[in-house]
Amino acid sequence: MSSSAERFDESARREAGRRGRTVVRRGELLRHPVYTRVLHWLVAISFVLSLLSGFGIYSPWLFRWLTPLFGGGPSARFLHPWFGLAFDLFFFFQFLNWLAPMAWTAADRRWVRRVKAYATNREKVEAEDVGFFNGGQKLYFWAIVASGLLFLVTGLLLWFDDAVPRWLVALSYVVHDLAALVMLAGFIVHVYEGTAAQPGTFRSMTDGTVTDEWAWTHHPAWYRDVTGRDPREDYERARRRQSGRERAAAAWEREQDLRERGGEGGDV
């Protein structure tokens, strides 16, 4: 990891902070600053462009409807490696940005053992040792790291296929496609978890903030670190308030129903 890259990363982080702004309202926490969000979307866009152009190259017959998006088959072939290089470049800086919080810990090993309960939403609140990222998010991150390296190496071999042995080119095709499948599977799960499975997650990459409730539900240890409050106590307090509001609403509905019935009886 070069010091020049780290210096560039740090200066880009400060510049993004000066040019961008994140509004944190009451009952919200800052989840991702401007720099992180910009990198995330650059990585995502370059990956999707690489994926779509790659599909058109992989099977022109099956995905011939995709190549016109890039100006036709020859243009897709020309642009695809550049999209791949952009993806690797942007993700490199995301790697620097997230290297520390993505370190594997004992809490992540425990999370993996509970993955079935997580996938089925058996528990309403995550375990209290789940920090800024959970074990699944870290596994996805390191899968991207491995796949990105494979993309880069095999992509360069395929790009300059006239300079390497044919067997190495053939092997590169297989590895490149397998890495793409791993990335695609992870990407689908990532999009699902960030939208339908966990409402409120997507806004962390648009507005940069999450609600307190989201934080204590999905990342209790991080919530405790940034607020100094006990996530379980705050969860129970919110649950009691919600139950009280529901009881009050039910009582109000019963009262309204009785009034309506009494009015109907008086009209007879």
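A polar contact is taken here as a pair of N or O atoms within 3.5 Å, where within protein one atom must be able to donate a hydrogen and the other to accept it, and where residues adjacent in sequence count only if both atoms are side-chain atoms. The model is a predicted one, in which local features need pLDDT of at least 70 and side-chain atom pairs count only at pLDDT 80 or more, while totals for chains, interfaces and linings use all residues. Residues are numbered from 1 along each chain as its sequence is written, and side-chain values use heavy atoms, with hydrogens and water left out.

A polar contact of 3.1 Å joins the side chain of Gln94 to that of Asn97. Gln94 is placed in helix α3, helices being DSSP runs of H or I with at least four residues, numbered from the N terminus. When its neighbours within four places in sequence are left aside, Gln94 is in contact (heavy atoms within 4.5 Å) with Thr36, Leu39, His40, Val43 and Phe141.

A pair of aromatic rings is described by the distance of the centres and the angle of the planes. Rings of Phe, Tyr and Trp (its six-membered ring) pair if their centres lie within 6.5 Å, and planes under 30 degrees apart count as stacked, over 60 as edge-to-face and the rest as tilted. By this rule the model contains 19 aromatic pairs. The ring centres of Phe87 and Phe151 are 6.4 Å apart and their planes stand at 80°, so this pair is edge-to-face. Phe87 belongs to helix α3 (residues 73-98) and Phe151 to helix α6 (residues 135-159), so that the pair links distant parts of the chain, 64 residues apart. Phe87 counts as buried at 4% relative accessibility, and Phe151 is likewise buried, at 14%.

Phe95 and Phe141 form a stacked pair, with 6.1 Å from centre to centre and 0° between the planes. Because Phe95 lies in helix α3 and Phe141 in helix α6, this pair ties together parts that are 46 residues apart in sequence. Phe95 is buried with a relative accessible area of 17%, and Phe141 is buried at 3% relative accessibility. Phe47, Phe87, Phe91, Phe95, Phe141, Trp142, Phe151 and Phe187 form one aromatic cluster.

Terms used:
Helices (H or I, at least four residues) and strands (E, at least two) are DSSP runs, numbered from the N terminus. Buried means under 20% relative accessible area, exposed over 50%, partly exposed in between (1.4 Å probe, protein chains only).
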